[in-house]
Amino acid sequence: SVTQTPEVPATVRPLDYLLAALVISAVAMGCLGFRDHLAAIDVAMLFLLGVVVVASRLPRGPALLASLLSIAWFDFLFVPPYYTFSVHDTAYLLTFAMMLVVALTMSGLTARVREQAAVATMRERRMAALYAMNRELAAATDRETVAAIVASHVGRAVGGVASVVLGEGASAIDAWDDDALTIPLQSPLQRFGLISVREAEIRHPLTENARHLLELLADQAGRTLERIALAERNEASRVEIEAERLRTALLSSLSHDLRTPLGTIEGAGTTLVEDADTLSTGARRDLAETIVEEVRRMARLVSNLLDMMRLETGTLAVHRSWQPIDEALGVALIRLDDRLREHPVDIHVPIDLPLVCVDDVLLEQVFLNLLDNATKYTGPGTPISIKAWLEDFQVVVEVADRGPGIPPGEEAAVFRKFHRAPAGEDRPAPAGSGLGLTICDGIVKAHGGRIWAARREGGGVAFRFTLPLESGPPPVPVPDADSPVGGH
């Protein structure tokens with residue numbers, strides 16, 4: 001960033017007049033030693049050169065004094081009779097007049113050039129200060145960062161310490177001392193706070209140009225704060241709209257997807273109540289199993305809806321502990337036993353696979369949704385394959401089926417909320433809420449992994465997800481002979 005040098009006021013000091021007198025006197029003394037060898041015109045030119053030197057370094061007052069002194073010294077030392085101000089040759093009066101006009105003109109022009117150069121330098125510094133602050137403000141995304149950037153650049157601009165207070169109320173502004181220069185931070189629509197500079201703590205008094213620079217810095221900071229405020233309001237509106245859209249979709253999904261299991265339960269329960277005396281034991285068992293299956297289906301649906309709400313609101317808690325993969329998989333297989341009876345399941349989970357630090361309940365939910373998805377889109381007798389292996393310091397898990405697969409281009413879309421693959425000749429009509437894979441994606445990401453879908457040669461789809469290995473040695477897994485998935 002650019003350090004802004006405070007502008008020193010262009011006031012005339014007594015020392016400036018003394019310097020002007022010394023410069024012209026030095027020219028006079030230098031020419032005096034060569035008076036017999038210099039023509040009057042040469043001496044006059046040297047005096048004019050001295051006036052230019054003074055005018056290029058000092059304000060207009062000392063330059064005017066240098067012009068008058070040059071004529072006085074020229075008359076006193078170089079115009080006969082010497083060492084007097086008498087002029088016997090009246091032709092020198094015209095010389096004096098011309099010297100005065102030329103000296104005043106040259107000093108005026110020189111002073112104007114110097115002032116224009118100072119203005120150009122001031123403008124360049126002003127633009128450099130604005131550019132330096134704008135470059136940092138462009139990357140700022142919160143108000144505290146903006147306040148720190150503005151305080152730093154304003155402090156450099158005044159050669160002191162600046163404070164920035166953010167607050168829209170008048171109380172934040174009235175709290176400052178009377179001897180502090182305050183500049184509001186505002187936009188055309190809103191006031192955000194103020195910049196305060198204690199004039200007693202800065203190196204030089206503030207000029208009008210310096211104050212104007214501070215106003216420009218404050219204006220740019222106000223525009224940045226307005227941009228951040230608009231971004232915050234837009235983000236809040238987007239989140240609110242998305243939340244409302246999610247609530248509406250969840251309620252719609254709940255009312256639609258619960259209708260079928262509730263109707264089935266009602267029908268089976270009504271039959272048990274009204275025809276209890278005429279039903280055989282096997283028929284009553286079938287109806288009871290139907291009720292249990294539909295209740296479990298409703299429970300999975302409600303669980304998915306609750307998990308989706310936790311994912312969307314950022315309240316999904318992950319309670320990690322060292323777990324073997326096959327433990328959560330075994331629980332999921334038991335809970336889906338009724339759905340998997342018609343599907344041969346081929347499991348390849350090595351018994352020496354490292355433990356992973358995961359939430360076993362959430363990992364179980366991932367397996368439940370992936371296996372439920374496999375049974376939902378495949379017909380009876382279709383095999384399901386479950387594999388796990390170690391690759392690049394992470395455990396990779398695959399749940400694959402031999403169903404109709406995913407339509408081309410839908411590999412990423414299947415993880416979006418409420419997305420359902422379209423029905424086709426070899427693909428059953430979609431069922432469920434369309435949240436299972438979305439929840440899998442959220443849970444896997446919460447564990448630092450990723451999940452994706454891949455089309456399988458010969459038909460079907462393979463869902464793979466990774467679980468990174470935590471740093472440090474995990475506990476050594478102990479093979480369980482009774483585990484439903486231990487070994488091949």
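So, Ile-183 first: across from this residue, in strand S3, stands Ile-195. Keep in mind that we're looking at a predicted model here. The two strands around that pair are S2, residues 180-186, and S3, residues 191-198, and they run antiparallel with seven bridges joining them. Together S2 and S3 make a hairpin, with four residues between them.

Okay, on to the sheet. Five strands make up an open sheet, and if you walk across, the order goes S5-S7-S8-S10-S9, with mixed pairing. At the edges you've got S5, that's 345-348, and S9, 451-455, and each of those pairs on one side only. Neighbouring strands in this sheet are turned by 20° against each other on average, ignoring direction.

Let's look at the S5 end. S5 pairs with S7, residues 384-391, in the parallel sense, over four bridges.

Last stop, Thr-466, which sits in strand S10. Is Thr-466 buried or exposed? Its relative accessible area is 4%, and the cut-off for buried is under 20%, so Thr-466 counts as buried. As for who's around it, skip the neighbours within four places in sequence, and Thr-466 is in contact with Gln-394, Val-395 and Val-396, plus Val-444, Gly-449, Arg-450 and Trp-452.

Key. Residues numbered from 1 in each chain as written. Predicted model: local features only at pLDDT ≥ 70, side-chain atom pairs only at ≥ 80, totals over all residues. Heavy atoms only, no water. Pairing = 2+ DSSP bridges. Axes fitted to C-alpha atoms, helices over the stretch in contact; angles between N-to-C directions. Buried < 20%, exposed > 50% of the residue type's maximum accessible area, 1.4 Å probe, protein only. Contact = heavy atoms within 4.5 Å.
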